[in-house]
Amino acid sequence: MALKVYNTVSGKKEDFKPLEEGKVKFYVCGVTVYDHCHIGHARSGIVFDTIYRYLKTKGYDVTFVKNFTDIDDKIIRKSLAENIPWQEVGEKYIKSYYEDMDALNILRPTHAPRATEHIGEMIELVNTLLKKGHGYIVDGDVYFSVDSFRGYGQLSKRSLDDMMAGARVEVDEKKKNPLDFALWKSSKEGEPSWDAPFGNGRPGWHLECSVMSTKYLGNPFDIHGGGKDLVFPHHENERAQTEAATGIKFVNYWIHNGFVNIDREKMSKSIGNTLLIKDFIKDYHPEVLRLFFLSTHYRSPIDYSEKSIEDANNVLHRLYYTQERALETQKGKTVNPARYPEADELQNKFYEAMDDDFNTALALSYIFELSKNINKMVDDKDEGLIPLIAYANAVFLSLSDTLGLLKDDPGALEAREKVHHLSRIGLDVSFVENTINERIEARKNKDYRKSDEIRAMLLEKGILLLDTPKGTEWRIKHIVP
RNA sequence: GGCGGCAUCGCCAAGUGGUAAGGCAACGGUCUGCAAAACCGUUAUUCUCCGGUUCAAAUCCGGAUGCCGCCUCCA
C-alpha cells in the first residue's frame, strides 16, 4: 500500500517517499502562546495528530516536532495589558495548550521546542543571510530581501509581480521591496531583547520555525504542516530564508489543513465567534470534536454548527454502544477470537482510504460498516458468533484507535455523562431510579398510560428509557443547553 | 485589484475518465404493551448552468452564475 500525500507546492497528490527508508521527519507549526486555544487550533491539532498516528500505524519511525512561538508582538501586548512578565504569558498559555490537547487525546510530539530557547541559532541564521547578501540592515532592523531569492512565491503560487499588483501591502519606506520581511526587530525600551551583532532586538516571525525544524529534523526534512493561512506569508518566508541560507531544498512535502467556520462565517476574534476548546468540552465529549473534524477531508473548510455537533455526538455514542454490546457478549467467558474475513476486508479498505491523502471521511464509513456488522451479530444472539464478534470488535477498536477515537471506557463514559447531565438539570441518580421503579410497577399493573407519562416526562429532561429483555435501562439523550 | 479554492439527495459528506460511498433526517418492516435501541429495506438515471473533448465525464477543457479563502495578525 502506497501512501499518497497532497503537496501544497505541486498542488497534486504525490507518492510519499521519506528521505530515509522507514523514517519520517515531521514538523508542524504550533501555536503562538498568547491566548487559550480555540477549535481552529483543535482542528489543526487533530488533523496532524491523525497523520502522525497513521504514519506510525504504517510502521514509520516518526520524529514529530511541534513548536511553541513564545516571543512575538501579541505576547508583548498581552504582557503589557495584563501587567505580567512576558515569560509568564508564555508559561500560562503553554500550560493551557497542553490541558486542551491532552483532553483531545492529541499525542505529544517527540520534541516541543520553544523559540526563546533558540535565539542563538536564530541570530546565526540572520548572520548567514546577511553574509550571503539575502538580508540588509536598516535602523537596527534586519530585513530579508525577497528579490534576492529566486524561488520566492513558489509555495503560495504567486509571483512577486502579482503581489505587487495586489497593492494591499503597506508601504514601508525602510524596505527595499514592500514584500521584504523582518528577520530581526530592534527593541524599544522595556521590550524583551537579546544581544546580536546587528543590534539588540528580537527575532522576526518565521525565523523560529526555520531554526527549530532543521535543528531537530535535519535539512531537508520530509513533512511540514500547518493551517492553510500559514501558506502565506509564514511558510513562504520560512522556506525562502531557509533555502537562501542553506542553498538546498528545505522541505519535501507541505501539508495544510482547511479552516473552521462557525455557522458559515469565518471564525475570528473580531467577529467574536471564536469557540474555545475549554468551552466545547464542558458540553461534549472531546471525541465528538475529533469525529466531527474527521468526517470532512482535512483540506476542505468545515462548518461548525450545533446540528453537526449533535450529529457527531449521536454517532460517537452509537459507536460506544456497539463496543459495549460486543463486550457484553463476552462477559464472564473466555473467548478465542476467530478470524472474521469481512472485518479484514473493511480494515484493508480503511487503510486504502487513509493511504489516499488521509481520507478520514471515507475511512470512517468503514468503521460504521464494521459497527453495523458487529451489531448484527450481537442481535443474532448465537453463541457460535461470539468469537467472530470478539475478532470484529478488536479490528473495530484498532481502526478507531488509529483515528484517536473510542479511547474511553464505554461504561465509565456513560456513568460520567449521566452524572454530568443530571447535575446540570439539578437531579440525581436516585430520582431517576425511583421514577423508573415507579414505572416498572405501573407496567406490572398494565397501567400503560401512567407508564408512558413517566417515560415522556423523563425524556423531556433528556433521559431516554429503553425497555430491554434485561429490564429498563436509561441513557442520556443529549439536549443542547 | 491580484492569486487560489469550492458548487454532489432535506442536511452533512466521499468520489478526479467507466456508469453516484457513508452519516443524519424521513418513511416501511422485524422486535416491543406501545416505544426506544439494534438490524433489514426504501429515498440523487443524476452531480449549479451552458457549450466542448471522448466509445464513455460529477470527474478533462472553455464560458456563465453563486459562495469562500489568501494577499494584514491568524490554525
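Two strands pair if DSSP finds at least two bridges between them. Helices (H or I, at least four residues) and strands (E, at least two) are DSSP runs numbered from the N terminus. This is a predicted model, in which local features need pLDDT of at least 70, side-chain atom pairs count only at pLDDT 80 or more, and totals for chains, interfaces and linings use all residues. Residues are numbered from 1 along each chain as its sequence is written, chains are lettered from A and ligands numbered from 1 in the order in which they are written, and side-chain values use heavy atoms, with hydrogens and water left out.

**View 1. The antiparallel sheet is open and has four strands.** The strand order is β5-β6-β7-β8. β5 (135-138) and β8 (201-203) are the edge strands, each pairing on one side only. From one strand to the next, the twist averages 25 degrees (axes are lines fitted to C-alpha atoms, for helices over the stretch in contact; angles run from 0 to 180 degrees between N-to-C directions). Strand β7 (residues 181-186) runs antiparallel to β8 and is joined to β8 by three bridges. Here Lys 185 stands opposite Arg 202 of β8.

**View 2. The parallel sheet is also open, with four strands in the order β4-β3-β9-β10.** β4 (61-69) and β10 (251-257) each have a single partner strand, so one side of each lacks a neighbour in the sheet. The twist averages 20 degrees from one strand to the next. Eight bridges pair strand β3 (residues 23-32) with β4 in the parallel sense. Lys 25 stands opposite Thr 63 in β4.

View 3. Contact means heavy atoms within 4.5 Å.

**View 4. Helix α11 (residues 341-355) has a span close to the expected one.** Its 15 residues reach 21 Å from first C-alpha to last, against an expected 21 Å at 1.5 Å a residue (1.5 Å times one less than the number of residues). Buried residues of α11 include Ala 343, Leu 346, Phe 350, Tyr 351 and Met 354. Asp 344, Gln 347 and Asp 355 are among the buried residues too. Buried means under 20% relative accessible area, exposed over 50%, partly exposed in between (1.4 Å probe, protein chains only). The cover over these buried residues includes β1 (4-7), α1 (39-57), α12 (360-380) and α13 (386-402). Just after α11, Asp 357 takes a positive phi of about 55 degrees.

**View 5. The largest nonpolar core has 124 residues.** A nonpolar core is a set of buried Ala, Val, Leu, Ile, Met, Phe, Trp, Tyr and Cys residues joined through side-chain atoms within 4.5 Å. Phe 26, Leu 55 and Tyr 304 have the most contacts inside this core. α1 gives the largest share, nine residues. Leaving aside neighbours within four places in sequence, the contacts of Leu 55 include Leu 3, Phe 16, Phe 26, Tyr 60 and Ile 223. A second, separate core of nine residues includes Leu 422, Ile 436, Leu 465 and Trp 474.
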